[in-house]
Amino acid sequence: MGWPIKRVDLGEVGYQQALADMSTWVAQRQQGLAEDRLFLLSHPPIVTYGPRTKPEDLPADLPVVQVDRGGFATYHGPGQLVGYLVVDVKARGPVDIVRWLETGLVAALANLGFPAVRRETPKGESSLAGVWTPDHRKVASIGMRIRRGVTSHGFALNVDPDMSAFRHFVACGLADVTMVSLAELAAERGRGTPSDAEVRDAVFAALSEES
């Protein structure tokens with residue numbers, strides 16, 4: 001049995017506006033005024049970072065904002081699918097929401113024809129949370145928070161953004177990480193890039209089915 005989640009499709013939303021909206025969405029779920037929801041959107045160019053990010057890992061030439069989620073620095077911009085997951089995890093018992101989300105995204109990419117994997121983080125090393133190609137390039141970043149049993153933040157999946165932005169900072173706290181997009185992976189396979197609508201449909205379907 002899957003996880004019944006309502007899909008909410010948004011367009012491009014400014015990051016600060018999205019943070020304000022997210023606070024409202026979380027409060028609504030905590031108070032039982034809304035069901036579990038997945039918000040799908042994109043942002044104008046910006047680098048966001050969690051509190052453990054080193055100052056020297058941040059860019060000098062891109063807008064930045066610190067956020068109250070796990071994870072380190074990552075880029076958001078047009079051509080990237082951002083998903084904010086606002087769900088109540090209390091009723092489901094112990095659940096590793098990050099690993100659950102990784103598994104769902106891996107399934108979504110597989111349905112789109114892109115092999116992907118999740119990776120375990122070795123003890124004492126920087127987090128490998130996210131979704132990776134089999135040759136360990138990172139295609140989706142994940143950073144979340146749980147407050148009073150309700151999740152916020154979520155994932156950023158590189159469909160066809162300006163990948164050069166990732167060269168301006170240390171992504172995900174991993175100095176040697178190679179970020180990749182579905183467009184680049186599609187070109188390597190001599191095929192077309194899936195549309196934004198196709199990616200959104202695949203992600204929602206997989207997360208709705210993932211129990």
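Which residues have the most contacts inside the largest nonpolar core? I worked on a predicted model, and there I found Leu-109, Val-139, Phe-155, Leu-157 and Val-203 in that position, within a core of 36 residues.

I then looked up which elements build this core. Strand 2 (37-42), strand 6 (80-86), strand 8 (138-147) and strand 9 (150-158) each supply at least two residues, as do helix 2, helix 3 (182-188) and helix 4. Helix 2 gives the most, with 7 residues.

I picked Leu-157 and listed its contacts, leaving out residues up to four places away in sequence. Leu-157 touches Gln-80, Leu-81, Leu-109, Val-139, Ala-140, Val-199 and Val-203. I also noted another core, lying apart from the largest one; it has 17 residues, among them Leu-41, Val-67, Val-86 and Ala-156.

Next I turned to the helix pair. Two packed helices are described by the angle between their axes and the distance between the axes. For helix 2 (residues 97-111) and helix 4 (residues 196-209), I noted that the axes come within 8 Å and cross at roughly 130°. That angle makes helix 2 oblique to helix 4. I recorded the crossing as right-handed.

Which residues meet there? From helix 2 I listed Trp-100, Leu-101, Gly-104, Leu-105, Ala-107 and Ala-108; from helix 4, Ala-202, Val-203, Ala-206 and Leu-207. I sorted the residues of this contact into 9 nonpolar, 1 polar and no charged.

Definitions and conventions:
Residues numbered from 1 in each chain as written. Predicted model: local features only at pLDDT ≥ 70, side-chain atom pairs only at ≥ 80, totals over all residues. Heavy atoms only, no water. Axes fitted to C-alpha atoms, helices over the stretch in contact; angles between N-to-C directions. Helix = DSSP H or I, 4+ residues; strand = E, 2+ residues; numbered from the N terminus. Parallel < 35°, antiparallel > 145°, perpendicular 65-115°, else oblique. Left-handed = near helix turned anticlockwise from the far one by under 90°. Contact = heavy atoms within 4.5 Å. Nonpolar A, V, L, I, M, F, W, Y, C, P; charged D, E, K, R; others polar. Core = buried A, V, L, I, M, F, W, Y, C linked by side-chain atoms within 4.5 Å. Buried < 20%, exposed > 50% of the residue type's maximum accessible area, 1.4 Å probe, protein only.
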